[in-house]
Amino acid sequence: MKIFNTTSAAVGLAMTAMVTVAAPASATECIAPSNPGGGWDFTCRTIGRILSDLDLVEGNVQITNMPGGVGAVTYAMVANERPGDADLIVATSTVGITQIAQGRYPAPIDAMRYLAMLGADVGVIAVDDESPIESLAQLTEMMAADPGSLVTAGSSGAGGWDHIRLLMVAREGGLENLGDLRWVQFDGGTDAVTQMMGGQIDVVSTDMGEIAGFVESGDIRILAALSDEPIPAFPDIPTAISQGIDVTGYNWRGLYTGGDVSDEDYAAWVERLETLYNSENWQTAAVEFGLVPIWRGGDDFEAYVREQEEVMAQISRDIGIIE
Amino acid sequence: METFSLLAHGFAVALTPLNIALLLLGCFAGTLIGALPGLGPVNGVAILIPLTFAFGFDATSSLILLSSVYFGCMYGGRISSILLNIPGDEPAVMTTLDGYPMAQQGRAADALAISGVASFFGATVAVIGLTLFAPMLARMAIYFGPADYFALYILAFITIGGIAGVDPRKTLISALLGLMIATMGLDPISGIPRYTFDNYHLYDGIDAIVALVGLFAISEILMLLEKAAKDRAKPIGIDSWIPDFRTIWTTKWAILRGSVVGFVAGVLPGAGASLGSVMSYSMEKQASDKDDTFGKGDPRGVAAPEAGNNAASGGALIPMLSLGVPGSGTTAVMLAMLISLNVQPGPLLFERQPDLVWGLVASLYLGNVALLILNLPMIGIFSRLMMVPTWALMPIVAAVSFVGVFSISNSTFDLELMIIFGVLGYLLRKLDVSLVPLVLGLLLGGDMERNLRRAMSISDGDWGVLIASPISVTLYVLTVLFLGLSIWLTMRDHKRMQSRTMEG
């Protein structure tokens with residue numbers, strides 16, 4: 001009888017050890033406000049690894065997963081408990097800013113100091129390869145003239161980033177009442193694309209990275225990339241800007257730190273991240289993950305984030321997501 | 001024939017020493033992780049991802065390791081279901097229904113052996129399906145629209161009525177509770193918080209694993225505490241430590257049916273292993289529960305869902321590899337890892353990365369055999385767990401539950417939530433309300449709602465969309481047939497009972 005108890009206890013202990021895969025203690029911590037596996041997790045793990053590879057920080061960067069409320073739990077924790085902790089960086093992206101714009105975080109955007117974006121997934125507008133819609137101009141005309149005739153979809157809910165950037169395109173193309181366009185939420189960009197291939201929906205707005213395989217196989221056609229320059233991997237796909245629709249829709253990946261971090265420490269982080277951005281390590285890792293490396297840091301980035309929040313808040317009001 | 005030469009090539013990839021070692025390690029670790037309440041395949045796979053990066057394995061080796069953990073978890077999940085009435089992971093809930101009663105009757109070894117063999121066959125059927133039909137099935141699955149998924153969930157829910165409990169009203173209440181809990185959190189369609197009480201921890205909804213461990217493990221501890229206060233619980237005897245192979249043979253049709261049903265559920269992106277095991281169990285009950293033995297320790301009630309959940313796990317790899325659409329939480333994590341290793345899953349994966357795909361397929365065949373060989377001798381050891389007195393066992397269960405749940409999100413909130421669910425589970429069990437419909441509502445309710453609302457968004461509010469496709473109509477016809485059959489069976493049994501009483 002004794003033996004079995006000890007065995008079970010040993011198994012339990014072994015498991016505990018496995019669960020907390022022990023990282024050596026270090027000062028720097030990167031919090032991914034999600035479960036392992038997603039985009040924020042990738043941001044922390046990759047940036048953490050390269051920071052220590054390049055000796056920009058001492059020792060290893062400790063990665064903590066703190067899921068909850070699409071980042072709200074982490075936001076609240078940093079605002080309340082560690083606003084001045086200069087050793088803490090937190091992964092965020094367009095998704096986090098959307099939540100702030102719609103008032104779903106416990107603190108406003110100026111509760112944090114935004115450090116930099118290091119890369120972005122480019123938004124695209126896609127149709128099935130057999131769709132009668134041949135160009136972005138044709139799509140925007142249809143959306144403006146008869147919005148009810150189209151079913152559009154993407155990986156976010158109504159008022160999420162996939163939806164908002166499509167509405168930005170539609171508004172630029174002449175759609176007045178943004179709420180008239182039908183929007184369907186799917187759990188991911190590929191889900192939406194396969195549903196489009198199955199004939200359930202007409203147009204997909206989502207990130208390029210996830211659906212690139214379908215573009216290469218010719219199952220879907222990209223009408224426009226929502227970026228300043230064509231996507232390096234797909235130079236033949238025209239941008240929306242080149243077709244007269246002045247909209248960009250990056251899903252950027254970046255970092256913030258606490259709102260009480262000193263100017264000195266803030267500047268030091270921005271400098272460290274810029275060194276990281278320019279390294280071969282990051283340029284390769286970002287491309288491998290389907291991102292286009294793009295740098296915006298410091299005050300420049302702060303301004304960009306605030307402007308994006310305003311656009312999002314305004315469109316959210318227009319479609320009745322917030323008051 | 002081309003398939004076979006590709007598969008032969010795959011075996012050549014899988015049979016390198018490194019890959020064999022990773023395979024065995026993955027199977028063993030997976031079985032352990034799956035067996036522990038709270039830790040499921042998602043955690044297992046997520047825990048091992050940093051390891052694959054740290055050692056710099058290539059994509060094929062990493063995927064072999066993660067898939068063997070995934071399959072290992074599916075095997076392991078049944079162990080605590082059968083022995084402790086605590087599902088090790090989500091799809092293992094159905095195994096508790098007949099597995100635990102079997103263990104209570106001293107037939108733990110039989111139950112474990114049946115589940116091992118059923119898991120083996122289910123997974124093998126899935127891998128054969130993957131070998132032969134993967135690209136074709138993936139092409140067919142894309143025609144399954146939101147309205148069709150909704151019909152599929154309706155079918156699953158209707159069959160619940162037949163699964164659990166004596167009193168249909170209590171089953172209904174339990175299922176409704178589950179559905180209500182599933183609506184908590186940020187509504188994914190509109191982003192509006194629902195039933196979150198302004199608590200950010202509730203924005204992501206209730207993690208099914210946290211609820212599950214609370215409902216089953218913590219409530220079990222409370223039940224035993226109560227019992228122990230009255231009389232000292234005696235350990236349960238075991239009839240035999242060696243499983244009876246004739247009993248296993250009697251479950252052959254259940255295994256076969258379960259495998260097919262599970263595989264189909266797995267191939268559909270977004271349905272996954274939980275739906276696979278639910279459907280397999282309820283179909284089997286309809287097909288063969290002539291003497292009302294299901295839920296009381298019928299070996300077929302263990303065989304069907306185990307074959308079903310393993311077949312579904314294998315099936316879920318089809319949409320993951322050939323469409324890049326994850327069929328479950330675990331495949332979602334694996335997908336993220338593949339992308340970060342610069343492998344783009346999708347329609348071209350089979351052409352571009354034949355080494356990876358066929359190496360994986362071959363390693364799944366090998367992993368299945370390894371798991372069966374690994375698991376059968378362990379039956380003797382595991383079934384002795386039944387002889388551990390409860391005063392020694394329950395503290396360990398409690399400790400493992402807390403560690404497991406805490407490891408998911410490092411959040412003490414989840415621990416509190418788990419305890420709340422434990423108390424809820426205890427109360428419901430005292431009221432004789434089966435927990436299974438609640439769990440099914442919780443597991444399947446979210447997807448059911450989302451698909452209904454997607455269908456309604458597509459049709460702009462026209463309910464006709466729900467019966468507009470031949471697939472959904474077929475599913476509704478099946479649902480009605482199911483309902484009719486179970487009502488007819490109940491009436492027949494009722495009449496027989498009456499005539500027996502009259503004769504008596």
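Modeller: Start with confidence. Chain A has a mean pLDDT of 87, and 92% of its residues reach 70 or more. Here pLDDT is the predictor's confidence in each residue, from 0 to 100. Residues 1–25 of chain A fall below 50. That stretch still has 25 contacts in the model beyond near neighbours in sequence; two residues are in contact if their C-beta atoms, placed from the backbone, lie within 7 Å. Where pLDDT is low, the predicted coordinates should not be read in detail.

This is a predicted model, in which local features need pLDDT of at least 70, side-chain atom pairs count only at pLDDT 80 or more, and totals for chains, interfaces and linings use all residues. Residues are numbered from 1 along each chain as its sequence is written, while chains are lettered from A and ligands numbered from 1 in the order in which they are written.

Now the helix pairs of chain B. Helices (H or I, at least four residues) and strands (E, at least two) are DSSP runs, numbered from the N terminus. Take α4(B), residues 59–84, and α13(B), residues 299–323. Their axes lie 10 Å apart, at an angle of about 165°. Axes are lines fitted to C-alpha atoms, for helices over the stretch in contact, and angles run from 0 to 180 degrees between N-to-C directions. The two helices are therefore roughly antiparallel. For such angles, under 35 degrees counts as roughly parallel, over 145 as roughly antiparallel, 65 to 115 as roughly perpendicular and the rest as oblique. From α4(B), the contact uses B:Tyr70, B:Phe71, B:Met74 and B:Arg78. From α13(B), it uses B:Glu306, B:Asn309, B:Asn310 and B:Ser313. By class, three of these contact residues are nonpolar, three polar and two charged. Ala, Val, Leu, Ile, Met, Phe, Trp, Tyr, Cys and Pro count as nonpolar, Asp, Glu, Lys and Arg as charged, and the others, Gly among them, as polar.

Next, α2(B) (17–35) and α16(B) (354–383) pack at about 50°, with axes 10 Å apart. They are therefore oblique to each other. Their crossing is right-handed; a crossing is left-handed if the near helix is turned anticlockwise from the far one by less than a right angle, and right-handed if clockwise. Contact residues of α2(B) include B:Leu23, B:Leu24 and B:Phe28. Those of α16(B) include B:Leu366, B:Gly367 and B:Ala370. This contact has eight nonpolar, five polar and no charged residues.
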